[in-house]
Amino acid sequence: MTAYIHLQNATLDLPIYDVQGRSLKKQMLRIGRRNRIAEDNDGVIVVRALDSIDVCLEAGDRVGLIGRNGAGKSTLLRAMAGIYSPTAGIIERKGTIVPLLDITLGMDENSTGRQNIRLRGLLLGMTSSEIIAKQDAIAEFSDLGDYLDLPLRTYSSGMRVRLAFAVSTAVDAEILLLDEVMGVGDAAFKGKANRRLRDLHSRAEIVVLAIHANDEIRKTCNKVIWMEQGRVRAFGPVEEVLAEYEALTD
């Protein structure tokens with residue numbers, strides 16, 4: 001299978017509920033998002049999170065996603081993953097996608113760690129037989145021992161992340177989407193987690209990584225998407241885009 005992600009004029013409007021419209025508009029104007037908010041026919045405030053995105057990613061692409069906080073990087077990753085459907089335009093994907101974004105999504109407080117391996121695995125598209133075949137390796141990697149037989153509500157935040165990370169990275173990814181804000185637990189676990197990520201990275205056909213570390217992008221990526229206010233400011237070879245970005249942000 002040759003993986004790809006194609007976005008054609010992809011636009012995403014997100015409704016904002018339970019706020020005072022006038023107050024929100026004033027806030028958005030103050031932070032420079034004059035053209036990104038409106039009201040729908042029901043009077044609900046809508047923020048244009050992505051605006052007319054045209055990007056084609058093919059097998060072999062290693063893409064760094066850059067831009068200031070609030071530029072739309074995480075939203076674009078979620079749209080690529082299928083978590084958000086575009087309001088307008090088209091997003092087409094081919095290949096097994098592993099989104100390492102909100103990695104604890106789909107986990108249940110009252111279920112045990114072992115039961116959550118199954119729940120999270122099913123959410124990620126693994127079959128029952130695949131989960132059974134991998135559950136011992138997932139359990140070993142999480143290093144949670146007897147806690148796997150206890151409800152998730154008894155876990156610390158670090159333990160939850162370790163379990164979620166172990167399940168999420170057990171999927172054979174053809175498209176890997178990563179957000180740098182994803183925590184991977186305590187210091188002792190980070191080395192093992194980073195090695196696992198490097199292995200996933202090397203085996204995936206497409207990798208998209210949201211990151212502020214330009215040196216890391218130069219080491220691992222061949223293309224860069226520069227996001228600005230929900231739009232693609234630039235998309236192309238690493239040095240070409242980073243040179244323009246650094247000239248404006250340094």
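Biologist: Contact means heavy atoms within 4.5 Å. With that settled, which residues in α4 meet α6?

Modeller: Glu 140, Phe 141 and Ser 142 are the α4 residues, and they meet Phe 189, Lys 192, Ala 193 and Arg 196 in α6. This is a predicted model, in which local features need pLDDT of at least 70 and side-chain atom pairs count only at pLDDT 80 or more, while totals for chains, interfaces and linings use all residues. Residues are numbered from 1 along each chain as its sequence is written, and side-chain values use heavy atoms, with hydrogens and water left out.

Biologist: At what angle do α4 and α6 pack?

Modeller: The angle is about 140 degrees, and the axes are 11 Å apart. Axes are lines fitted to C-alpha atoms, for helices over the stretch in contact, and angles run from 0 to 180 degrees between N-to-C directions. α4 is therefore oblique to α6; angles under 35 degrees count as roughly parallel, over 145 as roughly antiparallel, 65 to 115 as roughly perpendicular and the rest as oblique.

Biologist: And how does α5 pack with α6?

Modeller: Helix α5, residues 157-168, packs with α6 at about 20 degrees, with the axes 11 Å apart. The two helices are therefore roughly parallel to each other. On the α5 side the contact is made by Arg 162, Phe 165 and Ala 166, and on the α6 side by Phe 189, Ala 193, Arg 196 and Leu 197.

Biologist: How many of those residues are nonpolar, polar or charged?

Modeller: Five are nonpolar, none is polar and two are charged. Here Ala, Val, Leu, Ile, Met, Phe, Trp, Tyr, Cys and Pro count as nonpolar, Asp, Glu, Lys and Arg as charged, and the others, Gly among them, as polar.

Biologist: New topic: how many residues has the largest nonpolar core?

Modeller: It has 45 residues, and Ile 66, Leu 163, Leu 176 and Ile 217 have the most contacts inside it. Such a core is a set of buried Ala, Val, Leu, Ile, Met, Phe, Trp, Tyr and Cys residues joined through side-chain atoms within 4.5 Å. Buried means under 20% relative accessible area, exposed over 50%, and partly exposed in between (1.4 Å probe, protein chains only).

Biologist: Which element gives the largest share of this core?

Modeller: Helix α5 does, with seven residues. The elements that give two or more residues include α4, α6 and β7 (175-179).

Biologist: Why is α2 said to be largely enclosed?

Modeller: Eight of the nine residues of α2 (residues 73-81) are buried, so the rest of the structure largely encloses this helix. Among the buried residues are Lys 73, Arg 78 and Met 80. Just after α2, Gly 82 takes a positive phi of about 90 degrees.

Biologist: Which value does phi take at Asp 143?

Modeller: Phi of Asp 143 is near 60 degrees, a positive value in a residue other than glycine. Asp 143 lies in the loop between α4 and α5 and is exposed, at 54% relative accessible area. Asn 9 is not a glycine either, yet has a positive phi of about 50 degrees. Asn 9 lies in strand β1 and counts as partly exposed, at 38% relative accessibility.

Biologist: Where does Pro 15 lie?

Modeller: Pro 15 is in strand β1, residues 4-16. Leaving aside neighbours within four places in sequence, Pro 15 is in contact with Val 44, Ile 45 and Val 46.

Key:
Helices (H or I, at least four residues) and strands (E, at least two) are DSSP runs, numbered from the N terminus.
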